[in-house]
Amino acid sequence: MTKRLRIAAVLLTALILFLIARRIPLDRFLAALRDADYVTFLALMVPNTIFYFCWDTLVLKTAIRWFHADVPYRDLLPARAASYVVGFFNTNVGRGTLAAYLWRRLNVPFLELGGTVIFLVLTEYTQLVLWAMLGILGFRSEITMSLLPVAAGVAAFWILFFAYTRLHITPARALRWVFAPRDWQLLRTFRRATAARYEQIVLLRAPMFVVALVAHYYAAHAFGIDIPFGQLLTFLPVIFMVAAMPITVAHLGTTQAAWIFFFGQYAAAPRLLAFSLVAHLTFSLTRALLGLMWLPVAYSALTGVSAPPPVTART
């Protein structure tokens, strides 16, 4: 991230938090923090984060095994954990850190591994859209129906992208340059991924969201918030997608604004702000602590000190 982008992220974060603070009295916000049942909240959210970390590593191992080599699960734990530490400050740099670790571990072209990381990111967004669609179809309302164009756009994107990377299209000479990037190393994973692989990776991610959905549903009760399960199923994926956008510092501001916007009719804004802020920080800090525990191992592997034996990548 360049200096200008970092400054822009700081300013945008400050602006969003300022606009939220203007409409929420400080005393009511502090009261919501004070009255929360933190024992119940932490008993739900901390295990949710640990499960996310373990299952996310399993998803990573599966994708690496499909497209590159069979790396032991224990060897990927430090890489995934270290990416969380870096990703706390910058999501894209965290993903780059993960690709760099795998590059040293597998000794394959960096761009090919970067393509696999992008594949995981895009399929993560896709499964969130599918969960939101499930909520839309089951609990129709004016605001949920407005999200249908988003789902249609995602479907159109994957159809075109799959055809572009998988089908052997022979374009006319005048348009040949348009199709040239298909052969780039960065798109190798997408060229090799069959439709079945897309389905399998989306289904493999499903338990992560289900656990997060249940954890957020009951953890919200600890802050005196009762959101209908169907509405949470519809909009929590959207909130997760908003939170994943690398436009603010540590994803603050956008996440809180989304919680207030989507669930303002079910709870007071101060309670929603308190819950969303504490939930976000709990998730981020727990992942960062897990990353710090594994960081020495990941650093040793990246620098070649006490690195695990290299794995032969598939051709």
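# Notebook: salt bridges, helix packing and a surface patch

Helices here are DSSP runs (H or I, at least four residues), numbered from the N terminus.

I note that this is a predicted model, in which local features need pLDDT of at least 70 and side-chain atom pairs count only at pLDDT 80 or more, while totals for chains, interfaces and linings use all residues. Residues are numbered from 1 along each chain as its sequence is written, and side-chain values use heavy atoms, with hydrogens and water left out.

**Entry on the charged pairs.** I reminded myself that side chains of opposite charge can pair when their charged atoms come close. D56 also meets R80 in a salt bridge (3.4 Å, N to O). R80 lies in helix α4 (residues 73–87) and D56 in helix α3 (residues 38–67), so this pair ties together parts that are 24 residues apart in sequence.

I then turned to E112 and R188, whose side chains meet in a salt bridge at 3.5 Å, N to O. This pair too links distant parts of the chain, E112 being in helix α6 (residues 110–138) and R188 in helix α10, 76 residues apart. E112 is buried with a relative accessible area of 13%, and R188 is buried with 10%. The count of salt bridges comes to four.

**Entry on α11 and α12.** Two packed helices are described by the angle between their axes and the distance between the axes. I read that α11 and helix α12 (residues 229–244) pack at an angle of about 115°, with their axes 10 Å apart; the axes are lines fitted to C-alpha atoms over the stretch in contact, and angles run from 0 to 180 degrees between N-to-C directions. Which residues of α11 meet α12? I listed F209, A212, L213, H216 and Y217 in α11, which meet F229, L232, L233, L236, P237 and F240 in α12.

I found a nonpolar surface patch of about 330 Å², made by V210, V214, Y218 and F229. Such patches are made of residues with over 30% relative accessible area and no salt bridge, and nonpolar side chains (Val, Leu, Ile, Met, Phe, Trp, Tyr) are joined within 5 Å, like charges within 9 Å; the areas come from the Shrake-Rupley method with a 1.4 Å probe, and for residues only the protein chains shown count as cover. Helix α11 (residues 195–221) gives the largest share, three residues. V210 counts as partly exposed at 37% relative accessibility.

**Entry on T248.** T248 is in the loop between α12 and α13, and I found T248 buried with a relative accessible area of 6%. Leaving aside neighbours within four places in sequence, T248 is in contact with A9, L12, T13, I16 and T254, contact meaning heavy atoms within 4.5 Å.

Terms used. Helices (H or I, at least four residues) and strands (E, at least two) are DSSP runs, numbered from the N terminus. Buried means under 20% relative accessible area, exposed over 50%, partly exposed in between (1.4 Å probe, protein chains only).
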